Every structure is written in structure tokens, then in C-alpha cells.
Amino acid sequence: MSNTSYLIRGARPLGAAPADLLIVDGLIAALGAEAAAHAAAGGATVIDARGQIMLPGMVDLHTHLREPGREDAETVETGTRAAAKGGFTAVHAMANSNPVADTAGVVEQVWSLGKRSGWVDVRPVGAVTVGLAGERLSELGAMADSRARVRVFSDDGICVHDPVLMRRALEYVKAFDGVIAQHAQEPRLTEDAQMNEGEVSAVLGLVGWPAVAEEAIIARDVLLAQHVDSRLHICHVSTAGSVDIIRWAKERGIKVTAEVTPHHLLLTEELVRSYDPVYKVNPPLRREADVMALRAALADGTIDVIGTDHAPHPSEAKECEWAQAAMGMTGLETALSVVQHTMIETGMISWADFARITSTTPAAIGLLADQGRPIAVGEPANLVFVDADARWIVDPYAMATKGRNSPFKGLELPGKVVSTFFHGHPTVLDGELNTPVPTNGDL
Amino acid sequence: MKHLLSTLDLSRADAIRILDIAEEMAAVGHREVKKLPALRGRTVVNLFFEDSTRTRISFEAAAKRLSADVINFAAKGSSVSKGESLKDTAQTLEAIGADAVVIRHWASGAPARLAATDWIDAPVINAGDGTHEHPTQALLDAFTLRTHWAKVRGIQSSGTDLTGMRVSIVGDILHSRVARSNLWLLRTLGAEVTMVAPPTLLPVGSGSWPCKISYDLDATLAAGTDAVMMLRVQGERMHAAFFPNAREYSRRWGFDDARLATLDAADSAATIIMHPGPMNRGLEISSGAADSPRSTVLAQVSNGVAVRMAVLYLLLSGDQQRPAGN
């Protein structure tokens with residue numbers, strides 16, 4: 001047996017009874033009693049995972065890696081290190097880089113940088129429109145046919161506002177089973193918007209971002225998706241009204257999926273009273289009632305997945321006045337803990353549900369063959385091992401991401417990623433980054 | 001009180017203390033030598049990221065009457081226009097040795113941000129931030145109102161509040177930092193407040209504010225009010241149609257000569273008309289109203305210096321001594 005064998009002892013698959021697991025050459029080779037027997041013969045590296053929960057590696061549909069163009073904020077290398085540390089084995093890199101990921105060339109560049117880094121699968125998201133300008137469709141087919149095999153398309157950060165363009169995009173990507181991930185934000189209703197519109201914005205004198213600006217676009221787009229029978233994905237749902245519309249659409253069989261960010265499951269607009277730009281994000285933090293509706297929707301399946309919307313920024317983009325600050329928060333390294341805190345510890349979902357919303361379903365939406373797979377013999381060993389009983393205090397300066405803009409700074413959270421296995425290789429061991437999967441130079 | 005950022009967190013006791021000290025400061029303005037030695041050797045920086053000659057001069061006069069050194073820093077044409085951040089600017093002021101920073105900023109929350117960070121240690125005084133607050137304007141308005149209210153009731157104003165007074169704040173509430181600061185302070189001092197505006201110029205969420213909301217100025221005047229605070233229509237902040245045109249706005253929400261005549265006919269002798277300035281004559285207020293005996297516009301300007309002296313004195317000297325003591 002080669003040195004790419006690992007015998008992981010005593011972890012609980014999805015929180016069930018403890019079992020041993022043998023990984024050989026990137027695949028799950030054996031489970032249970034058989035694993036130990038096989039390993040004894042081959043000298044596998046033994047890892048004690050007693051007390052830990054074994055889950056399929058997490059898949060993020062919504063990550064900003066910033067490269068190319070904003071390497072001061074993040075690079076594919078630093079962003080994917082953060083992803084591995086957070087328990088992810090695949091991330092979708094959003095298209096709002098510079099240049100925008102709107103051609104086969106740019107998506108292949110991002111994809112190859114991901115391959116070279118070797119921490120997680122990097123799946124580029126292609127821009128829906130050229131330069132995110134909302135005027136002409138990008139070369140969606142070329143991106144789909146490229147080595148990056150793009151299946152998720154989004155102008156995230158900007159709403160595809162033109163209804164005709166949105167309709168055409170939804171129709172066109174059917175040719176390769178793509179999905180349009182919409183950033184639902186009616187632009188005219190949110191001009192100069194700084195935070196959620198309501199009682200707090202009225203007191204703070206900040207221009208409000210009304211919930212209806214999100215809900216109006218979602219309502220329109222689910223009807224468009226129904227009309228052309230296409231796959232629509234709603235990015236970072238943030239309001240109770242949006243949940244109602246998505247629930248309505250799903251009841252009618254419309255092919256809509258939706259994501260919620262960890263920060264929208266925990267934080268409310270009350271934090272904006274500090275004027276600390278670390279809480280500035282798009283869509284904005286909403287009311288307590290919205291947070292509760294989002295949690296309920298995630299629990300009942302109306303919202304399908306967690307998307308981190310990991311948005312690292314250099315410190316100068318946040319150490320300034322609220323109005324001048326960039327929108328966005330980091331999230332890859334806190335996602336698991338925040339979801340455990342808000343959804344599992346509250347009894348709203350199980351660890352099996354966690355696997356569904358952080359791995360199986362996002363992998364299915366992005367059509368990732370090797371991710372979100374069951375923990376079974378013969379499957380790729382993309383796995384994460386979690387100490388659910390651990391508690392830790394969030395320190396942005398101890399994170400692998402370049403971004404220090406974590407809204408959870410100083411907060412005590414449950415759950416630590418102890419190890420992450422990416423195609424059978426431990427990218428994280430004992431809670432610390434190990435080594436990436438060695439590249440074979442096939443770029 | 002380390003900073004003055006907002007009237008929302010100003011206690012009744014603190015507010016009355018500021019107004020009482022402002023009364024003593026106002027007396028200084030009537031002396032032949034309008035100066036106190038209280039802040040001799042201290043440096044006050046007026047840090048203005050937004051043009052405001054009136055407020056800057058008022059703070060400058062206040063600081064100088066207390067014998068402080070004053071540095072005026074206008075962002076326009078400075079290193080700020082070359083891209084310097086608020087953080088760097090603040091740290092420069094700290095290094096220079098500023099003892100207090102009076103900041104006017106176009107962004108809501110900028111003074112609060114400055115006060116919350118470790119960029120600077122000096123007291124921060126909010127001289128107006130975006131559409132958030134303008135606490136010294138509210139204090140000078142309260143000073144003006146208290147003087148009037150005491151006169152109406154035939155009592156000394158010192159130590160009193162505004163309990164029972166009815167104040168109507170009229171106009172562009174949405175964009176007004178003055179309206180917000182006034183509402184919190186007037187409520188703290190016991191006044192009843194009515195906000196009068198077109199629905200488009202009331203912020204979403206203002207329904208929960210501790211005041212009455214009205215769209216009808218005439219009905220508000222008919223119901224009786226002790227003070228009408230007219231707000232400037234902030235055309236420079238309006239990128240959308242908030243009302244059809246100036247004529248319609250003026251007709252429905254402007255304090256025009258006809259409304260002045262109605263007030264006079266009703267013999268509402270005690271009702272005063274206020275405006276924080278600068279005024280759009282003919283839009284939110286007519287010249288007849290602005291220049292009438294009911295108008296307190298110039299008294300407000302004058303009271304502004306006294307109130308700002310009180311604030312600077314309290315923040316820089318604490319309560320160690322009475323400011324105007326002999």
C-alpha cells in the first residue's frame with residue numbers, strides 16, 4: 001500500500017455511529033471493520049478522529065477569490081487555503097474579477113490557478129454579460145466548453161436587470177445545463193443604498209436598501225424561469241418576503257434554487273448602529289424577523305444551500321467612513337461554525353441536513369461530479385472532519401484569507417474543522433493547513 | 001461625556017447642563033470684552049469635509065471666545081482631495097496635538113467612527129454628518145425654544161426643560177440631520193413633536209419615531225403649535241422626484257405669507273417660526289415669514305455660538321469650574 005493511504009479511526013459519519021475509514025489513492029477504499037483490516041496490511045497513515053463528525057467536503061457556490069486583478073485583497077492561493085481550512089473541497093469563484101471572467105481565457109486562467117494551488121477544486125463562475133455591464137451576453141458557450149467547464153453563470157455584485165437579457169440568458173444556458181445565479185437587486189430602488197431600509201436606517205440617516213428591491217427581482221425571475229423552463233439560482237437571499245416568493249415558486253415546480261449566507265443567518269441590522277463598516281454587506285443585514293424566516297426556510301428546504309459570499313477586502317477598504325467602505329465580509333473559515341451555531345445547536349437541522357445544504361446540493365447545482373458524494377466505498381475522498389464540541393474565538397488575524405473583514409471577530413463559536421481531505425489528501429490536519437494536493441503539471 | 005456625537009444618547013441632565021452653561025456663555029457675548037480664558041493653550045480643530053461657512057464660523061467664534069487656538073481644516077483642496085483617508089487625517093491631527101476635533105462630514109456616522117476608533121484620542125464633536133445628526137444645531141434650537149418657552153410661562157429659563165411645549169418640524173425630514181437631532185433632544189426635554197412633510201420626504205421607518213406624523217401643515221397649525229421649525233429643502237441631495245415641483249411644494253408645505261396671516265389672525269402670539277438656515281426664500285419659507293417678529297432665525301445663529309462655547313467648555317474642561325465665574 002502506498003503512502004497515499006490514510007486510515008481514519010473512529011469518526012462518526014454524519015454524526016451516526018463511529019466507523020473507521022480507509023482512503024487509498026484519493027478514493028474511499030473501505031469503511032467500518034474492513035477498513036482497519038485492509039490498513040493493517042498496508043501501513044496506512046493512521047489518524048485518530050474519535051469524537052469527530054465525518055462529512056462530505058463542503059462546496060461553496062459563492063466565493064470571491066479576487067484574482068485576477070485584486071490580488072491585494074485575495075488570490076486563488078490564499079482564498080483556497082482559507083477554503084480548505086474552513087472545510088471546503090470545492091469553491092465557485094465569482095466572476096467580478098478584473099478582467100471580468102466573461103471569456104474562456106479568463107475562466108481557464110482561474111481554473112488553472114486553482115489546479116496549481118491544489119487546495120480545493122476551483123470552479124469559475126462565468127459572467128452572464130460582457131464586463132458585467134448588463135448589455136450583451138458573454139460567451140457563455142465558450143466558457144462552458146472550456147477546460148473550466150463552467151456551469152454557473154452570474155453577474156454577482158450586479159443584478160441582471162434587463163428582463164429580456166435575463167430571459168435570453170436563462171434560455172441559452174439550457175444548451176449545456178447551466179444555471180443563472182442572480183444577484184437580485186433592483187438597481188433604481190437601491191441607488192446609493194447603504195443598509196437595510198427601515199427603522200434603523202431612518203435613525204442613522206443612511207440611505208435604505210428596501211427588501212422589495214430584492215423581492216421584486218426574484219418574483220420576476222422565477223416567472224421568467226417558469227416561462228422558459230430553465231434553472232435559476234438566487235444568490236444570498238436576505239428577506240422574509242423573498243423566502244415566500246421562492247416557496248411559492250417551488251410549490252409550482254419552477255426550477256429555482258436559493259442560497260443563504262451564514263452572516264444573514266446570524267447578524268441583524270442593529271449592528272450597523274456602530275457604523276463599523278465590517279458590517280457593511282450586499283445584500284445588507286436585515287431585521288431579526290428576516291433572520292428567523294431565513295433559518296426556517298433553510299430548515300424546510302425552501303432555501304437549498306449555504307453560500308458564503310466570501311468577500312475579502314484590504315484593510316483600507318474598511319478602515320474608513322461607512323459610506324466609503326466596500327461591501328462584503330469574509331466567510332469561508334467561519335461558515336461551518338456559524339451554521340452549526342444558528343441551525344444545528346438550535347435543533348433546526350441535523351448534521352445530515354448540514355451535509356445536504358453545504359455539500360450535496362451545491363455540488364448538484366454546480367454539476368460537480370466529484371463533490372457532494374455519499375461517504376461510500378469507491379467515492380472520491382473529499383471529506384471534512386469536525387470537532388463539534390470545540391469552541392473558539394474568531395480572530396481574523398489567525399485566518400488564512402488575506403481579508404481581515406470578519407463580522408464575527410471576537411465572537412465565540414462552536415465547531416472546529418480538524419481535518420479536510422481533498423481527493424484523498426489531507427489539506428488540513430489538526431486544524432492547521434497541511435499541504436495542497438501536489439500538481440501533476442496538467443494545466 | 002467624552003464626545004458629542006448625537007442627541008439620541010444625551011441625557012436630560014446633560015442637555016439641561018449644556019443649556020444652562022450656554023446661558024452663562026451667552027452673557028459673555030454681551031460684554032465689552034467677549035472673551036474667557038477657559039481654554040487658553042488648547043487647540044480646537046475644525047475638520048470640515050463638507051462646506052459649511054455658517055457652522056464653521058460659529059464653532060470658530062465659540063472656540064476663540066474661550067481663548068482656544070483654532071485650526072480650520074477644509075477637505076477641499078487639501079490632502080483629503082488627494083486621496084488621504086479619514087484615518088490618516090485623524091492621526092495627523094493627533095500628532096499635531098489637537099485637543100478637540102469638530103467634524104463636519106458628508107457621510108452619516110463619520111464622527112461616530114472617528115470616536116470609536118483609536119485613530120485619535122481627542123474629544124470629537126459632531127458638527128453635522130450626512131443625513132444623520134447635527135447635535136449642536138439641536139442644542140441651539142432647544143436653547144432658543146427654552147428661552148421662548150420660559151418667557152411664555154413667565155419663569156427663569158435656567159434649569160428648566162420644554163415640558164408641554166408643542167413643536168412642529170416641517171419639510172424635508174428625509175434628508176435632515178437637524179430634524180433627527182431635534183426630535184431626540186426635544187423629546188428628552190419633554191416637548192411634543194409633530195413632523196410635517198410630504199410622504200416622500202419622510203424616511204421609511206419614521207412611523208416608529210416618538211412623534212406625530214402629519215402630511216398637512218394647515219391642520220397642524222390649526223391644531224395649535226408653539227414653534228414651527230421649517231427645514232431647508234435639500235435639493236442637492238435629491239436625485240429623484242420627491243415632489244412634482246417647487247410651486248406645489250411651497251403651496252402645501254411652505255410657510256408662506258398666507259399661513260403667517262392665519263397665525264396672526266388666530267392671535268397665536270406665542271408661536272415662533274424657526275429655520276436652521278440657509279433658507280430657500282419663496283420655497284419652504286416666504287420672506288414675510290422669515291423677517292417677521294415671530295422669526296427666530298438670527299437669534300438661533302447668535303445662540304449657536306453660546307451653545308458651542310458650552311459644549312467645547314464641557315468637553316475640554318469638564319466641570320472643574322464655572323465658566324463665567326468671576
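How much area is buried between domain 1 of chain B and domain 2 of chain B, and what percentage of it do carbon and sulfur atoms give? About 2,500 Å² is buried there, of which carbon and sulfur atoms give 60%, buried area being the accessible area (1.4 Å probe) that two parts lose on being put together, summed over both.

This is a predicted model, in which local features need pLDDT of at least 70 and side-chain atom pairs count only at pLDDT 80 or more, whereas totals for chains, interfaces and linings use all residues. Residues are numbered from 1 along each chain as its sequence is written, chains are lettered from A and ligands numbered from 1 in the order in which they are written, and side-chain values use heavy atoms, with hydrogens and water left out.

**View 1. Domain 1 of chain B (7-133 + 302-325) against domain 2 of chain B (135-296).** The bounds come from an automatic or database domain assignment. In contact (heavy atoms within 4.5 Å) are 31 residues of domain 1 of chain B and 29 residues of domain 2 of chain B.

**View 2. A salt bridge between Arg146(B) and Glu23(B).** The two side chains meet at 2.8 Å, N to O, where a salt bridge is a side-chain nitrogen of Lys or Arg within 4 Å of a carboxyl oxygen of Asp or Glu. Across the interface of domain 1 of chain B and domain 2 of chain B, 4 salt bridges are found.

**View 3. The surroundings of Asp309(A) in chain A.** Asp309(A) is buried, at a relative accessible area of 6% (buried is under 20%, exposed over 50%, partly exposed in between; 1.4 Å probe, protein chains only). Not counting residues up to four places away in sequence, Asp309(A) touches residues including His62(A), His64(A) and Asp156(A).
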